[in-house]
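This report describes one protein chain, going from overall make-up to single residues. The sequence and the model come first.

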Amino acid sequence: MEKKNNQLIVNAIENGMVLDHIPSESIFEVIDILGLSSCANQITIGINLESKSLGKKGIIKVADRYFKNDEINRIALVAPKATINVIKDYKVVEKKTISIPDEIEGLAKCSNPLCVTNNQAIKTKFKTVVKENTIEFVCRYCEKTTDIKSLKIIPQ
């Protein structure tokens, strides 16, 4: 890293992924979801960076690692408007906005303690329901509705 015109310059990564537009309050949850605290790859994390759309945002750059679909779906549950840049040979070869899938399976825990998924070895399954400015999840088994802020993500 070097400093230029009072700005910190962060080195580009040759290969890997960049997660951008993460709400600052969700950055540590994303780090946990991806297991980055025990990752040996080069990682750059920025928190509370200025953002026109979010006010403050977070960014995570991970060298030599590409996230799997289930990791991206977990990230979508805590940072539904984040973007992912796939980097190869120092170039962005793909850019996409994360979106919450219509159904999530095995990624989160049902909040109903009596649900069969909390008492037997059954994968959870939720239908995503978008209402006005809220996102909710309806359990396939007990039909309990949970809002996005109350959803408990299952660690990998």
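## Terms and basis

A residue is called buried under 20% relative accessible area, exposed over 50%, and partly exposed in between, with a 1.4 Å probe and protein chains only. By that scale glutamine 156 is exposed, because its relative accessibility is 53%.

The model is predicted: local features need pLDDT of at least 70 and side-chain atom pairs count only at pLDDT 80 or more, while totals for chains, interfaces and linings use all residues. Residues are numbered from 1 along each chain as its sequence is written, and side-chain values use heavy atoms, with hydrogens and water left out.

## Overall make-up

The chain contains two helices and 13 strands. Helices (H or I, at least four residues) and strands (E, at least two) are DSSP runs numbered from the N terminus. The C-alpha trace spans about 55 × 30 × 25 Å along its principal axes.

Of the 156 residues, 41% count as buried. A contact means heavy atoms within 4.5 Å. Among contacts with a separation of 6 or more, 56% join residues 24 or more positions apart.

## Nonpolar core

A nonpolar core is a set of buried Ala, Val, Leu, Ile, Met, Phe, Trp, Tyr and Cys residues joined through side-chain atoms within 4.5 Å. The largest one here has 34 residues, and Leu19 and Ile60 have the most contacts inside it. Two or more residues each come from β3 (16-23), α1 (27-34), β5 (55-63), α2 (69-78), β6 (83-88) and β11 (134-139). In soluble globular proteins, nonpolar side chains tend to be buried together.

Beyond four places in sequence, isoleucine 60 touches Met17, Val18, Leu19, Ile22, Ile27, Val30, Ile31, Leu36, Ile43, Thr44 and Ile45. Isoleucine 43 is partly exposed, with a relative accessible area of 25%. With neighbours within four places left aside, isoleucine 43 is in contact with Leu36, Ile60, Lys61 and Val62. Valine 138 is 95 residues from isoleucine 43 in sequence and 35 Å from it in space, C-alpha to C-alpha.

Helix α2 is mostly covered, with seven of its ten residues buried. These are Glu71, Ile72, Arg74, Ile75, Ala76, Leu77 and Val78.

Pockets are found on a 1 Å grid over the protein atoms alone: a pocket is an open set of points where a 1.4 Å probe fits, with protein on both sides within 12 Å along at least five of seven lines, and lining residues have an atom within 4 Å of a point. Grid points are joined across faces, edges and corners, and a volume is the space filled by probe spheres set on the points. The largest pocket has a volume of about 460 Å³. Its lining comprises 17 residues, and Leu77, Val78, Pro80, Ile148 and Lys149 lie nearest the centre. Both α2 and β11 supply at least two lining residues.

Glutamine 156 is found in the segment after β13 (152-153). Leaving aside neighbours within four places, glutamine 156 is in contact with Ile33, Asp70, Glu71 and Arg74.

Proline 155 and aspartate 32 are 123 residues apart in sequence and 8.0 Å apart, C-alpha to C-alpha. Aspartate 32 is in helix α1 and counts as exposed because its relative accessibility is 60%.

Most residues other than glycine have a negative phi. Asparagine 48 has a positive phi of about 60°; this residue is in strand β4 (residues 43-51) and is partly exposed at 46% relative accessible area. Glutamate 143 has a positive phi of about 65°. Glutamate 143 is in the loop between β11 and β12 (145-147) and is exposed at 61% relative accessibility.

Proline 23, in strand β3, is buried because its relative accessible area is 17%. Its C-alpha is separated by 8.5 Å from that of asparagine 48, 25 residues away along the chain. Beyond four places in sequence, proline 23 is in contact with Leu54 and Ala79.
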